[in-house]
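Subject: Model handover

Hello,

Please find the structure below.

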Amino acid sequence: MAQVTLEKLTKVYPNGTTAVSGLDLEVADGEFMVLVGPSGCGKTTALRMVAGLEKITEGTLRIEDRVVNDLPPKDRDIAMVFQNYALYPHMTVAENIGFALGLRRMPKQTIRERVQAAAGVLGLREHLERKPGQLSGGQRQRVAMGRAIVREPAAFLMDEPLSNLDAKLRVQMRAEIAEVQRRVGVATFYVTHDQTEAMTMGHRVAVMRSGVLQQCDRPQTLYDDPDNLFVAAFIGSPSMNLYEGVISPDADAVRLGPQALRIPPAVRERRPRLGAFRDRPVIVGIRPDHLSDAALQEGDLSGATLTGDVQLVEALGSELMVHFLIEAPRVQSEDAAAGGEDVEERSDLAASGAAGLSSHAAGIARVPAGSDIRAGAPARLAVDTARLYFFDPANGAAIRG
Amino acid sequence: MYESSAARLFRRVSLALITLFALFPVFIILETTIKPLKDVQNTFQWIPSHVTLSPYADIWSTVPLLHYFVNSVIVSTISTLVAVTLAVFAGYAISRFQFRGRRTFSFAVLSTQMFPGILFLLPLYLIYVNIGHTIGINLYGSYLGLIITYLTFALPFSVWMLAGFFSSIPRELEEAAMVDGTSPWGALFRIVLPVARPGIIAVAVFAFMTAWGEVLFASVLTTESTRTLAIGLQEYATQGNTAWNQLMAAAVVVSLPVVVVFLALQRHLIRGLTSGSVKG
């Protein structure tokens with residue numbers, strides 16, 4: 001049963017800007033749904049419409065099969081965690097957590113028990129009599145969670161709840177929130193701009209851009225089979241390498257500048273529509289994970305390598321991040337630029353490295369730590385050609401089926 | 001912070017001098033109140049030769065001080081309560097809602113502060129007298145007239161102060177309260193007002209003190225029966241003689257309530273405003 005249903009949800013502000021247009025989403029009972037996208041994509045507006053803090057311009061919002069479009073927040077049976085926590089500074093932790101229960105005129109004894117239980121789940125028992133001002137960032141975050149779970153609502157709404165924490169605490173709280181959500185089993189709507197959070201926490205992830213839903217699926221599916229260039233570039237870190245290529249007349253290879261990659265028969269069978277792109281340009285996507293040091297590979301690599309000039313090698317201990325340039329036209333697509341977090345940085349690198357040659361495009365490869373690849377020298381990279389991505393340059397849609 | 005010993009010496013000496021300078025008049029006042037009038041009128045003595053508490057007893061009979069005191073309490077308290085109540089709602093509206101004329105309204109409120117008070121004295125007097133003549137509501141010489149006058153001083157400042165104060169409270173607090181189950185009014189009363197308490201108290205103290213110590217308008221707009229303390233103090237000086245010791249004793253008695261109230265409330269003024277509610 002769908003706990004929260006958004007049907008063609010649309011938000012147009014009085015000044016005419018459309019923040020969200022025709023958003024369709026369903027969150028099942030107990031499901032952790034992540035809404036992700038770059039800033040300004042309308043994800044927070046969508047969440048605020050569900051909360052009742054933002055008026056719905058068009059569309060239908062159902063919570064537990066009840067249309068709640070015109071209900072005030074207090075009658076929607078939802079709990080929300082805010083980006084800045086929004087704890088009541090004049091109340092103790094216990095009062096903060098129990099506030100909503102008090103408003104529902106629950107007996108004091110019941111409130112105390114439920115606050116205790118929530119505090120136990122979140123490890124806040126010792127801090128119940130403190131004021132929010134005396135707590136650390138992580139503790140405040142837990143109090144905000146406590147305020148939500150004590151309600152036992154129909155749905156949790158979380159608006160970038162981790163973005164105010166430092167990197168280490170964020171990783172820890174990420175796991176904690178996911179764990180708490182699993183234990184209480186409440187449908188959750190989680191908004192973030194961080195694709196790592198989306199991938200690690202979400203049962204399903206909805207990617208939004210400019211108010212429009214791009215794709216909504218399990219994290220692995222988004223990674224393996226993105227619907228379009230934007231999702232491909234947005235999901236995954238480092239983000240996907242994108243090049244402009246041309247499909248060979250036989251559709252059995254793709255040319256990237258002077259180099260070519262063979263398209264294995266299995267890929268052609270899976271993507272018969274590639275045949276329609278014979279002699280035509282396509283956008284080729286290669287994930288950094290699917291590139292490796294050719295020197296460390298065995299077997300026949302013909303038609304499955306790219307040679308690039310290495311600009312920079314970042315040693316992460318377990319692996320090396322190899323930043324390289326290859327001679328191939330750069331992808332001039334807004335989708336790719338908007339999606340990839342580090343695309344801009346990479347373009348800068350390409351511009352400086354290739355002395356302004358726009359025929360060169362940058363890329364990143366994730367290679368094993370044992371590799372001998374050094375900056376300033378050419379490197380031969382093995383490509384997992386079975387996992388190439390192809391996109392239509394005209395509209396950015398994935399070429400498949 | 002590092003501070004050289006010379007700098008520290010300079011800081012201590014200058015602060016001590018400034019403190020002495022500020023406390024000296026207070027010392028003179030207190031000292032005068034325990035001297036007989038004869039000694040006050042003679043050459044100044046640092047240490048009183050005759051100590052007496054009779055000025056504190058005499059002040060109540062020389063002048064109807066208690067009556068004036070009650071007048072002051074009535075006028076100051078009511079104008080403070082009304083000013084704070086109105087300013088809370090006006091300030092909240094300016095800070096939170098977009099409405100037609102919002103900017104105009106807030107600047108109109110501020111512009112009343114640009115003129116010296118004495119400019120309003122004569123117009124206000126004429127308006128009060130004329131209202132009394134035409135529709136029979138007696139503003140001149142009444143509590144109501146003085147309360148309205150003091151409201152015109154306190155309200156604009158209070159509205160601006162509180163609007164700024166409310167703006168410093170993150171909107172998410174009210175949104176969280178509404179999601180938790182309050183109505184918009186409930187969010188205001190249960191969350192915003194308690195959080196804004198230091199600001200509201202500061203505004204109340206300001207409104208009370210302006211009304212309590214005001215002389216100019218009270219001297220024109222009051223009659224014998226509604227006279228306030230600040231005016232009543234002048235009555236210790238008669239044509240032939242000034243009872244300095246009683247005047248000073250009355251001044252001490254008049255100041256005490258304000259000082260006591262201020263000390264009681266300063267704890268709330270200092271308390272960190274919205275610390276800890278949100279990040280930072």
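Residues are numbered from 1 along each chain as its sequence is written, while chains are lettered from A and ligands numbered from 1 in the order in which they are written. This is a predicted model, in which local features need pLDDT of at least 70, side-chain atom pairs count only at pLDDT 80 or more, and totals for chains, interfaces and linings use all residues.

The predictor assigns the complex an ipTM of 0.84 and a pTM of 0.81. Where pLDDT is low, the predicted coordinates should not be read in detail.

Confidence in chain B is highest in helix α8 (residues 171-180), at a mean of 94; helices here are DSSP runs of H or I, at least four residues, and strands are runs of E, at least two, numbered from the N terminus. Because 9 of its 10 residues are buried (20 or more other C-beta atoms within 10 Å of a residue's own, C-beta atoms being placed from the backbone), α8(B) is largely enclosed by the rest of the structure. Its cover includes α1, β6 and α2 of chain A and α9 of chain B. G181(B), with a positive phi near 130 degrees, follows α8(B).

In chain A, 5 strands form an open antiparallel sheet, ordered β15-β19-β16-β17-β18; strands pair if DSSP finds at least two bridges between them. β15 and β18 are the edge strands. β15(A) is joined to β19(A) by 3 bridges, with L291(A) partnered by V383(A).

Regards

Notes:
pLDDT is the predictor's confidence in each residue, from 0 to 100. A residue is buried if 20 or more other C-beta atoms lie within 10 Å of its own, exposed if 12 or fewer, and partly exposed in between; C-beta atoms are placed from the backbone. Two residues are in contact if their C-beta atoms, placed from the backbone, lie within 7 Å.
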